[in-house]
Amino acid sequence: MNKVFLIGRLTRDPELRYTGSNIPVATFTIAVNRNYTSQNGEREADFIPVVVWRKQAENVKNYTNQGSLVAIDGRIQVRNYDDKDGVKRYVTEVIADNIQFLDTKASREKNNSNPSPYDMPAYIDNAAGVDMDVRGEDLKDDPFKDFGEEIKIEDSELPF
């Protein structure tokens with residue numbers, strides 16, 4: 001069984017593209033806190049790439065942005081390709097089946113204008129009662145920028 005459930009915050013605005021067959025596909029990364037702290041007492045997060053297709057892709061683009069809290073259920077997919085130097089590269093990502101928006105733009109703006117004690121630079125208190133690690137420096141930069149070249153998805157690679 002390959003099933004994943006995640007709750008996290010978008011690290012940047014989602015990117016929406018269309019395949020050659022005009023099928024919408026959105027990609028984004030979410031920051032998901034680990035359940036423990038590091039040796040120096042800091043809460044760490046995993047940055048997980050997510051891909052969503054069709055109408056949900058358009059909804060993600062239209063109704064979320066950097067910092068949005070989302071719940072995702074889907075599956076893990078590992079794919080590979082040969083880079084320009086002929087080296088085999090592997091990509092692990094979550095293919096979302098369903099995405100729930102757990103906050104609204106208005107609630108995010110309200111929280112930013114009236115910060116609570118939990119809105120310190122490293123944490124935001126969310127509706128699920130879990131502290132989400134949203135360090136500003138991690139969210140402003142692409143956490144995968146040093147992992148190689150951008151991957152282009154062609155219609156011929158789609159499983160349907």
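Colleague: Leaving aside its neighbours within four places in sequence, which residues is Val-94 in contact with?

Modeller: Val-94 touches Val-4, Leu-6, Ile-48, Pro-49, Val-50, Val-51, Ile-72 and Arg-75, where contact means heavy atoms within 4.5 Å. Keep in mind that this is a predicted model, in which local features need pLDDT of at least 70, side-chain atom pairs count only at pLDDT 80 or more, and totals for chains, interfaces and linings use all residues. Residues are numbered from 1 along each chain as its sequence is written, and side-chain values use heavy atoms, with hydrogens and water left out.

Colleague: And which residues touch the most other members of the largest nonpolar core?

Modeller: Val-94 is one of them, along with Phe-28, Ile-30, Val-50, Val-52, Ile-72 and Ile-99, in a core of 17 residues. A nonpolar core is a set of buried Ala, Val, Leu, Ile, Met, Phe, Trp, Tyr and Cys residues joined through side-chain atoms within 4.5 Å; buried means under 20% relative accessible area, exposed over 50%, and partly exposed in between, with a 1.4 Å probe and protein chains only.

Colleague: Which element gives the largest share of this core?

Modeller: Strand S3 does, with four residues. Two or more residues also come from each of S1, S4, H1, S5 and S6. Helices (H or I, at least four residues) and strands (E, at least two) are DSSP runs, numbered from the N terminus. Another core, of five residues, lies apart and includes Ile-23, Val-25, Val-51 and Trp-53.

Colleague: What pattern does the chain follow along the sequence?

Modeller: The order is β-β-β-β-α-β-β-α-β-β-α, with three helices and eight strands.

Colleague: Switching to the surface, is Tyr-90 buried or exposed?

Modeller: Tyr-90 is exposed, at 58% relative accessible area, and sits in strand S6, residues 88–101.
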